[in-house]
Amino acid sequence: MTTEKLRLGDFEVYGLRDGYFFLDGGAMFGVVPRTLWEKKCVPDLKNRIKLALNSVLVRTPKAVVLVETGIGPKFDRKFSDIYGVDRKPGLLPSLKRLGFRPEAVDFVINTHLHFDHCGGNTYRNKKGEVVPTFPRARYIIQKGEWEAALHPNEREKSSYLAENFLPLETFGVLDLVDGDREIAPGVEVVLAPGHTSRHQGVKVHSRGQTLFYLGDLVPTSAHVGLPYIMSYDLYPLNTLETRKRLYEEAIAENWILAFVHDPVHYFGRIRRKNGKYEFAALET
Ligand SMILES: [Zn+2]
């Protein structure tokens with residue numbers, strides 16, 4: 001399905017996507033052997049698995065908030081060959097189908113600044129300038145993540161592409177935050193470290209119902225099991241700690257969870273079974 005709509009108290013929540021890309025299955029599942037993960041995700045002949053680029057749009061009575069912007073339109077042929085990028089339907093056409101123009105978005109939140117989460121923050125206009133895609137929006141990014149993106153080490157360099165985030169500062173639309181912060185009534189950014197040191201999740205709540213956007217803390221429903229941590233994570237043991245803490249809260253308060261890279265499930269829940277955590281689809 002291309003988009004999915006939920007009602008969360010007074011809010012409307014939409015799952016939508018920029019498209020798909022492929023990453024190495026071994027890297028996506030870290031220390032978990034292929035004999036186990038291939039039961040959940042079937043790899044292609046190059047050992048890659050198909051991942052989605054899922055965003056969430058939240059409409060509250062006070063604000064329209066977009067979480068993540070996918071890979072975006074600025075990549076070249078070589079990049080697209082490596083990652084098997086398929087930008088169908090594309091973030092802007094998906095928003096349009098839901099009735100939202102780019103000008104309607106008040107806030108854009110990036111969980112972190114790797115290219116598959118913020119590529120659609122900007123686009124190249126007819127004059128060749130890279131400009132913000134959502135002209136009225138404030139872009140909400142953790143200060144520590146911003147600094148890491150400006151000074152990447154050799155291992156993370158290929159994930160941080162400056163054209164996805166530097167123009168936000170140039171055009172004066174960047175809001176750096178340091179730690180947990182309410183962005184609009186009922187929408188908060190919450191530190192969820194591990195994938196990067198200042199990776200953030202997004203907590204949305206209205207009338208006793210809560211949705212949590214996990215970002216790369218748990219990229220797909222196949223990653224819910226505690227050892228299923230990506231090799232891309234800079235601090236895997238922090239990922240583990242963050243997951244344990246948030247999973248307990250999520251179960252106690254029956255949160256709906258949003259998955260950034262799951263090609264099937266935008267949303268779901270986590271439950272405990274025989275001492276382990278597992279994914280549970282939303283009841284329809
Ligand atoms: Zn990612």
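**Strands, cores and a zinc site in a predicted model**

Thr69 is located in the loop that runs between β4 and α3 (77-83); helices (H or I, at least four residues) and strands (E, at least two) are DSSP runs, numbered from the N terminus. The model is predicted, so that local features need pLDDT of at least 70 and side-chain atom pairs count only at pLDDT 80 or more, whereas totals for chains, interfaces and linings use all residues. Residues are numbered from 1 along each chain as its sequence is written, and side-chain values use heavy atoms, with hydrogens and water left out.

Thr69 counts as buried because its relative accessibility is 0%; buried means under 20% relative accessible area, exposed over 50%, and partly exposed in between (1.4 Å probe, protein chains only). When residues up to four places away in sequence are not counted, the residues touched by Thr69 include Asp18, Ser55, Val108, His117 and Phe134, where contact means heavy atoms within 4.5 Å.

The zinc ion is coordinated by Asp116 (OD), His117 (NE2), Asp216 (OD) and His261 (NE2), at 2.0 to 2.4 Å. Donors are N, O and S atoms within 2.8 Å of the metal (3.2 Å for Na, K and Ca); water is not among the atoms, so sites may look incomplete. The arrangement is irregular because the 4 donor atoms subtend angles of 81 to 153 degrees around the zinc ion. Four donors count as tetrahedral if all angles lie between 85 and 135 degrees; four count as square planar and six as octahedral if opposite donors are over 155 degrees apart and all others between 65 and 115; anything else is irregular. Along the sequence, the donor residues follow the spacing D-H-x98-D-x44-H. Asp116 in helix α5 (residues 115-118) and His261 in the loop between β14 (256-258) and β15 (267-273) are 145 residues apart, and this pair links distant parts of the chain. Asp116 counts as buried because its relative accessibility is 8%, and His261 counts as buried because its value is 1%.

Asn54 lies in strand β3 and is buried, because its relative accessible area is 2%. The side chain of Asn54 reaches the backbone oxygen of Phe259 at 3.0 Å. Of the 12 residues of β3, 10 are buried, so the strand is largely enclosed by the rest of the structure.

The pairing of the strands was examined next; two strands pair if DSSP finds at least two bridges between them. Strand β2 (residues 11-24) and β3 pair in the antiparallel sense over 11 bridges, and Phe21 has Leu51 in β3 as its bridge partner. Strand β3 (residues 48-59) is also paired with β4 in the antiparallel sense, over 4 bridges, and a hairpin joins β3 to β4 through 4 residues. Within this pairing, Val56 is partnered by Val67 and Val58 by Val65. β4 and strand β5 (residues 107-109) pair in the parallel sense over 3 bridges, with Leu66 opposite Val108. In a regular strand the side chains alternate between the two faces of the sheet. In strand β4 (residues 64-67), Val64 and Leu66 point one way and Val65 and Val67 the other way, and all are buried.

In soluble globular proteins, nonpolar side chains tend to be buried together. A nonpolar core is a set of buried Ala, Val, Leu, Ile, Met, Phe, Trp, Tyr and Cys residues joined through side-chain atoms within 4.5 Å. The largest such core has 27 residues, of which Val13, Val56, Ile109, Val204, Leu211 and Phe267 touch the most other members. A second, separate core of 23 residues includes Leu57, Ile141, Phe165 and Leu168.

Key
Polar contact = N/O pair within 3.5 Å; in protein donor to acceptor, adjacent residues only side chain to side chain.
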